[in-house]
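Morning, everyone. I have one structure to show today, and I will keep to a few places in it. Please look at the picture first.

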Amino acid sequence: MERPLMKKGKRRNSFSARRARSGLYFCLPFLLGFLLFFLVPFCQSIRYAFSSMKMTETGLVLEFVGLRNFKEALFTDPQYVRTIVSSARDMVVQAPIILLFSLFIAVILNQKFFGRGLARALFFLPVIIVSGVIVEILSTDYLSAEIMSGSQSSGLFQGLGSYDILIAMGIPYWLVDMLVPFVYDIFNLVWNSGVQILIFLAGLNTIPKQLYESAGLEGCTAWEAFWKITFPLISPMILMNVIFTIIDYCTTSVNPVIRLVNQQSSNMNFSYAAGLSWMYLLVVLLFVGIVYRLVNRRIVYMEDER
């Protein structure tokens, strides 16, 4: 009687080992890329953060200055702390909106309708085509700058020049002021929700259909099925999307802190920029840890019966 149990346990261990190897293979491209291309700059940035860079006749020379870069950012620079607070405030507002929008679209795309595959591709298209060139185009309103000479140029989908064009066409200002920000927000939501929608779709497809059939036989409505079945079972995906959305916002090129770091790098203040980056990293990790502890308490995990 003990021998079959040993075989069964061996099979289970073998299945767990295969799953572990699959996860390792999935992470292997990132690990190789990090070791080959990011490990040396990563360690070098730590050295820069505690040093001061000076230009001499023989080249750049690093001088160890301890915590001077960090103290300057916290107590001398008037922009850094204020920029972090502003960035955190915007993230607290935008992250829930992106999550709710992503979940809403994922539930719709999970239904059966004509053209579902095309609709899924369109919502994921921004993730595929995003690049530095496209982001630069979207962040600079070249068309408005050319048409309305002297106007302030900014984002193609978030620029002030578009206001001037619509007003010049005779559209009332109050109508432009009411509609244009709403259109901008819709674009930003779609542009920043592609990965979250894909993750939610993957979570929705893992929910057994038998649960909905049983709930229907018991007289459960679609609204009740969503809150009693769908929402609890995709809670791990919600946690994943919360963390991804926070990190994605904190690392995007439009983030004010990232812009400040890039500005310091452009001014050849590499040591100070490295100090700003590492302090920002610690703040982000602390915030992600707090959010993880709060959200993880309400996560529902399905037991693997295999």
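I start with the second largest pocket. By class, its lining has 18 nonpolar residues, 4 polar ones and no charged ones. Keep in mind that this is a predicted model.

The pocket holds about 840 Å³ of space. Its lining is made of 22 residues, and those closest to the centre are Phe42, Ser45, Thr251, Ser277 and Leu281. Which helices supply the lining? Helix H1, which runs over 2–49, gives at least two residues, and so do H12, H13 and H14. H14 has the largest share, with 9 residues.

Next, the largest nonpolar core. It has 44 residues, and the ones touching the most other members are Tyr80, Ile234, Ile246, Leu276 and Tyr280. Several helices each supply at least two residues of this core, including helix H3 (80–109), helix H12 (235–251) and helix H14 (270–296).

Take Leu276 from that list. Setting aside neighbours within four places in sequence, Leu276 is in contact with Ala73, Tyr80, Leu260, Val261 and Gln264. Tyr80 is also one of the core residues that touch the most other members.

Is Thr245 buried or exposed? Thr245 counts as buried because its relative accessibility is 3%, and the cut-off for buried is under 20%. The side chain of Thr245 reaches the backbone oxygen of Asn241 at 2.6 Å. Again leaving out neighbours within four places in sequence, Thr245 is in contact with Ala95, Ile98, Leu99 and Gln196.

That is the end of my part.

Note on methods:
Residues numbered from 1 in each chain as written. Predicted model: local features only at pLDDT ≥ 70, side-chain atom pairs only at ≥ 80, totals over all residues. Heavy atoms only, no water. Core = buried A, V, L, I, M, F, W, Y, C linked by side-chain atoms within 4.5 Å. Buried < 20%, exposed > 50% of the residue type's maximum accessible area, 1.4 Å probe, protein only. Helix = DSSP H or I, 4+ residues; strand = E, 2+ residues; numbered from the N terminus. Contact = heavy atoms within 4.5 Å. Polar contact = N/O pair within 3.5 Å; in protein donor to acceptor, adjacent residues only side chain to side chain. 1 Å grid on protein atoms, 1.4 Å probe; cavity = no way out; pocket = protein on both sides within 12 Å on 5 of 7 lines; lining within 4 Å. Points joined across faces, edges and corners; volume = space filled by probe spheres on them. Nonpolar A, V, L, I, M, F, W, Y, C, P; charged D, E, K, R; others polar.
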